[in-house]
Number of protein chains: 2
Amino acid sequence: MSSSALTREQSSKAFDGHQYVYNHESSTVGCKMKFGVYVPAKAEKERVPLLIFLSGLTCTEQNFITKSGVQRLASEYGFIVANPDTSPRGCKIEGDSDKWDFGEGAGYYIDATESKWSKNYRMFSYINEEFYELIVKNFNVNPNQIGIFGHSMGGHGALISFFKRPGQYKSVSAFAPICNASKSDWGINAYTKFFGQDKNLWKQYDATELVASYHGPKPHAPVLIDQGSDDNFKDKQLFPERFIDACKTASFPIELREQAGYDHSYYFIMTFLEDHFKYHKKEFEH
Amino acid sequence: MSSSALTREQSSKAFDGHQYVYNHESSTVGCKMKFGVYVPAKAEKERVPLLIFLSGLTCTEQNFITKSGVQRLASEYGFIVANPDTSPRGCKIEGDSDKWDFGEGAGYYIDATESKWSKNYRMFSYINEEFYELIVKNFNVNPNQIGIFGHSMGGHGALISFFKRPGQYKSVSAFAPICNASKSDWGINAYTKFFGQDKNLWKQYDATELVASYHGPKPHAPVLIDQGSDDNFKDKQLFPERFIDACKTASFPIELREQAGYDHSYYFIMTFLEDHFKYHKKEFEH
C-alpha cells in the first residue's frame, strides 16, 4: 500500500517532545484515518524505537493519548509511540454504528471477508502494512526496534499482529487482552458478520489459536500480560487463562500478572504502563 | 455550612490507591455537586497532606483526574488530591448555559451578589468552607498540610482563595492562571453579571488586586506559577506580568516560569505537575 500525505490536526508540546494527531487518506480501509503519535525530543537527533499501541472498543485515537500518561514515559525512554484509530469511520455501512461493540470504534483488527464489510474493515492490513509503513517512513524510527502492544480489543490486535507477522515486531505485550476472540461474545458477534460461518477464518484472528501454530522468533523475556482482578470483562470476554494454557502447550514464553483490585479502565493502564516500557526496552536491547 | 452525606459514583484502583468520584447535596450552592478525590494507600495508615485542585473553564470533576496523570504523583508523594466541579449545575438560571465561558462550567470561584446568581453561584464559599470541610472531615487529611492549586480559571480560584483566607492554605501554585480577572474579557463579562457595576466587588476576586492588600503569612519559597509561551490566552485573558508586578510591589514572593513552546492544555499541566507537587511538599515541611 502506498502512503498518502499526512495532515497535522493537533500539536501540543509535552515533556519536551510533541504529541501530534494526524490524518491521512487510507487506501487500505478506504476512508480518512486519524492517528496519534508522540515524538520525543531525542528523535530530533537520532533514530529511536517505536511502540505501536492499539486501543480497545469504542476508542478513537484520543483515548490513549489523553488518559494514559504515555507522554512522560515516551519522553523518558526516548520512544516514538504511535496509536491508530480502532476502525474505519464514516463509511456508512448499514449496521456499523448500532452497537458499541461492533463496527465504528470496534474493528477488531481483522481483514473481513464478507462482501458487506471487506472493502473497509481491513484493519489488520491497515495496521501491519499501511500504518506501519507510514510511521516508519515519516518519523525517525529505528526499524530494528519496533514493538506493539494494546488494551482489550487492542491487546488482541497486538497479539495477533505479532503471531501473524513473524519477525515484524521485536516485542509484544498487552493490558487485559481479548485472548480467545473467536469464543467471546463480542468476537462471535463480530466474526459472524465479518467472516460468516467459516470458523477456520475466525481462528486466523484469535491469539489462543494462533500461538499453537506460531513458528517465528520468540521474545527473550516472557511476553508481558497485565490483567486486573476486578475487571468485569475478564471471565466472559477476555479468557486470559485459555491463552496461558495455549502458550504453555506451545512452549511460548508468557507472563500473566493478575493485578489485585484493578479494573478494565485507563486507571489500570496508567498504573502499569511503565512496566511495559521497561519490557519492550529490554527486548529492543537484545 | 454543614456537610451532607457523600455518595460514591466511581472507584478505580490506580497506583495502589483509589481514584474516587463522589457527589453530595451542597447547601452552599443549592444543588448536587460532584468531585474527584484520589486517596493514596498511605492514607489508610496515617493522616496525609491534601492538595485541592481547581479546574479551568468548561471542566467538570473529570478533566483533571482523566488527563493530568495526577494519580501517579499523589501515590508517590502520599497526598490526597481533591478536585471539585467548576460551577453549580442544573440550577436552570436563564443564561447559565449559553456561553462556554460563563455559567455552568464557568463559576469563577466567586460569591455572586446580583440576585439572579447569588443563590447558586457561591463557589468561593463552597470551595473554602463546605468542600474544604467535607474533605477534611471524610478523608484522612493532616489539617496542617493543605495546599491549593489550579489551572487557568482554577489558578485564579487558587490564588484568590489563598489571599482571601490567610492561613487556611499552607501553599498555593498555579498553571496559566487568570491573574487579573476584573480586567480580562472573560472576567468583565462574568463579573458584570455576578456583581453588577460595582467595581469594588470585582476587585475582591482578582489576584492582582488582592496581593496588594494581603497581610497574611507568606510562603517560604516563592509561589510557583507556570505559564506556556505558546498559550493563546496569555496576552488577552491571563496577564501574568501584571500579577508579577503587583507581587513585586507588595514584596510577595513569586516565581513565574515561562515554559517555551507549551500551550494551555493538559499536555502542559501533565508536564510540570510534578514540580508543583515538589513545591507544595517543601512548604508542608516547614
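This is a predicted model: local features need pLDDT of at least 70, side-chain atom pairs count only at pLDDT 80 or more; totals for chains, interfaces and linings use all residues.
**A friendly note on cores, a cavity and pockets**

1. How much space lies in the largest cavity? The answer is about 160 Å³. Its lining is made up of 14 residues. If you want to find the centre in your viewer, look for A:S68, A:G69, A:R72, B:G69 and B:R72, which lie nearest to it.

2. Sorted by class, the lining of the largest cavity has 8 nonpolar, 4 polar and 2 charged residues.

3. The largest pocket contains about 430 Å³ of space. It is lined by 23 residues, and A:K67, A:H151, A:H264, A:S265 and A:Y266 are the closest to its centre. Two or more lining residues come from each of α1 (62-67) and α10 of chain A, and from α1 (62-67) of chain B.

4. Which element gives the most to the lining of the largest pocket? That is α10(A), with 3 residues. By class, the lining of the largest pocket has 8 nonpolar, 11 polar and 4 charged residues.

5. The second largest pocket has a volume of about 320 Å³. Of its 16 lining residues, B:L57, B:T58, B:H151, B:F233 and B:H264 are the closest to its centre. The classes here are 6 nonpolar, 8 polar and 2 charged residues.

6. The largest nonpolar core has 101 residues. Which of them touch the most other members? They are A:Y108, A:F163, A:F194, A:F243 and A:F277. Apart from this core lies another, of 100 residues, including B:L50, B:I127, B:A158 and B:L273.

7. Leaving aside neighbours within four places in sequence, A:F194 is in contact with A:F102, A:A106, A:G107, A:Y108, A:I110, A:A112, A:T113, A:E114, A:W117 and A:Y121. Among these partners is A:Y108, which is also listed with A:F194 among the core residues that touch the most other members.

How values were computed:
Residues are numbered from 1 along each chain as its sequence is written. Chains are lettered from A and ligands numbered from 1 in the order in which they are written. Side-chain values use heavy atoms; hydrogens and water are left out. A nonpolar core is a set of buried Ala, Val, Leu, Ile, Met, Phe, Trp, Tyr and Cys residues joined through side-chain atoms within 4.5 Å. Buried means under 20% relative accessible area, exposed over 50%, partly exposed in between (1.4 Å probe, protein chains only). Contact means heavy atoms within 4.5 Å. On a 1 Å grid over the protein atoms alone, a cavity is a set of points where a 1.4 Å probe fits but cannot get out, and a pocket is an open set with protein on both sides within 12 Å along at least five of seven lines; lining residues have an atom within 4 Å of a point. Grid points are joined across faces, edges and corners, and a volume is the space filled by probe spheres set on the points. Ala, Val, Leu, Ile, Met, Phe, Trp, Tyr, Cys and Pro count as nonpolar, Asp, Glu, Lys and Arg as charged, and the others, Gly among them, as polar. Helices (H or I, at least four residues) and strands (E, at least two) are DSSP runs, numbered from the N terminus.
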